[in-house]
Amino acid sequence: TVPVIVDCDPGHDDVFGLWLAAGHPSLELLAVTTVGGNVSIEHTSRNARIALTVAGVTGVPVAAGAAGPIARALETAEWIHGENGLGGPVLPEPAMPLDPRTATELMADTLLASPDPVAIVATGPLTNVAILLRDRADVASRIREVVWMGGSTGRGNVTPYAEFNAWVDPEALALVVGSGIRFTMVGLNVTHRALVTAAVRERLGRVGTATAAFGDELLEFFCRTNAEVFGMPDGPLHDPVAVAVLVDPDAVALAHTRLDVELAGTETAGATSVDLDGMLRREPNAWVATHLDVDRFWGLLEAAIARLA
Ligand code: BDR
Ligand code: CA
């Protein structure tokens with residue numbers, strides 16, 4: 001099993017990322033950290049605990065991290081996720097308090113305590129991971145790899161060329177990619193294949209657990225807002241695709257390539273430049289997802305949810 005820390009900004013699709021990490025037998029979820037992104041840090045920190053509470057996962061510490069990006073003001077996405085970040089279902093009280101440590105402290109403690117190197121899966125802006133690498137260089141060698149949902153090899157979803165998580169904190173992305181730690185980008189070019197069709201909703205709903213029922217209420221809201229905002233009635237469930245990279249290497253194909261992020265562009269800030277054709281003749285510095293086995297992916301999520309409450 002791969003030990004993992006999930007760093008997230010729940011967010012509907014983040015919840016499914018957490019469930020895949022908590023429920024799949026090939027991963028061991030050691031800690032969860034939260035970041036300001038889809039909604040404020042107060043909401044994401046509460047929502048992460050609600051996601052674990054619903055799933056019956058009560059032994060995993062959850063610590064709050066950065067309220068906003070390292071060099072910019074936070075931009076949020078209530079129009080997709082609702083005012084509280086988890087529009088749709090009635091939300092239960094979280095069963096556990098927040099861990100008193102900061103996200104940096106919890107990540108560092110977790111990395112140092114684990115006998116095996118730990119993977120960090122980030123499904124929001126990379127602010128917390130960047131701060132960890134900046135402030136705790138002593139634990140960097142304990143990070144097995146960073147897998148991140150964000151970016152795109154093509155077009156964006158918040159500006160024509162920028163994806164939300166990249167656009168919110170591009171400086172953090174640049175810092176993490178430049179760290180030399182193995183980095184995998186799982187961008188819109190693959191997550192836009194993880195579409196929540198009616199058949200997918202039925203498949204996940206049929207699992208029949210309380211977690212599955214709560215998830216279906218999340219998906220109903222998420223598909224509605226995606227239809228309103230993007231004209232995509234089958235909302236793309238981005239974040240669990242990044243977790244799937246660690247669960248099953250055959251689910252997501254990766255290319256070793258050059259990844260750069262636009263920091264200064266007036267129209268293109270946060271755009272990810274992925275040199276799949278090697279035009280720049282620069283050293284590859286990242287693994288970039290290029291293909292998703294859609295049916296295999298939903299099978300992983302279904303299996304994980306079935307093991308939760
Ligand atoms: C990403 O942005 C957020 O709204 C989602 O949770 C996902 O992490 C997709 O662009
Ligand atoms: Ca997210």
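Q: Two strands pair if DSSP finds at least two bridges between them. In E10, which residue is the bridge partner of Thr257?
A: This is a predicted model, where local features need pLDDT of at least 70, side-chain atom pairs count only at pLDDT 80 or more, and totals for chains, interfaces and linings use all residues. Residues are numbered from 1 along each chain as its sequence is written, while chains are lettered from A and ligands numbered from 1 in written order. Strand E7 (residues 252–257) runs antiparallel to E10, joined by 6 bridges. In E10, Thr257 is partnered by Ala286.

Q: How many bridges join E6 and E10?
A: Strands (E, at least two residues) and helices (H or I, at least four) are DSSP runs numbered from the N terminus. Thr184 stands opposite Trp287 in E10, and Met185 has Val288 as its bridge partner there. Strand E6 (residues 183–186) pairs with E10 in the parallel sense, and the number of bridges is 2.

Q: Which residue of E6 does Val146 stand opposite?
A: E6 also pairs with E5. That pairing is parallel, over 4 bridges. In E6, the residue opposite Val146 is Phe183.

Q: Which residues of E6 lie on the side other than that of Phe183 and Met185?
A: In a regular strand, side chains alternate between the two faces of the sheet. Both faces of E6 are covered, with Phe183 and Met185 buried on one side. Buried means 20 or more other C-beta atoms within 10 Å of the residue's own; exposed means 12 or fewer, partly exposed is in between, and C-beta atoms are placed from the backbone.

Q: How many residues of strand E10 are buried?
A: E10 spans residues 286–292 and is mostly covered. Of its 7 residues, the buried number is 5.

Q: Why is helix H5 described as largely enclosed?
A: H5 covers residues 127–135. Its buried residues include Asn128, Ile131 and Leu133. Covering elements include strand E1 (2–8), strand E4 (118–122) and helix H7 (170–177).

Q: How many residues does the largest nonpolar core have?
A: Such a core is a set of buried Ala, Val, Leu, Ile, Met, Phe, Trp, Tyr and Cys residues joined through C-beta atoms within 7 Å. Val4, Leu18, Trp19, Val121 and Val186 have the most contacts inside it. Beyond four places away in sequence, Val4 touches residues including Ala21, Leu30, Val118 and Leu246 (contact: backbone-placed C-beta atoms within 7 Å). The core's residue count is 102.

Q: Is Arg193 buried or partly exposed?
A: Arg193 is found in the loop between helix H8 (188–191) and helix H9 (198–205). Outside the four places on either side in sequence, it touches Leu292 and Val294. It has 14 C-beta neighbours inside 10 Å, so Arg193 counts as partly exposed.

Q: Which helices each supply at least two residues of the shell around ligand 1?
A: Near means a C-beta atom, placed from the backbone, within 6 Å of the molecule. There are 15 residues around ligand 1, and Gly11, Asp13, Ala77, Phe164 and His238 come nearest. At least two shell residues each come from helix H1 (12–23) and helix H6 (164–168).

Definitions and conventions
Two residues are in contact if their C-beta atoms, placed from the backbone, lie within 7 Å.
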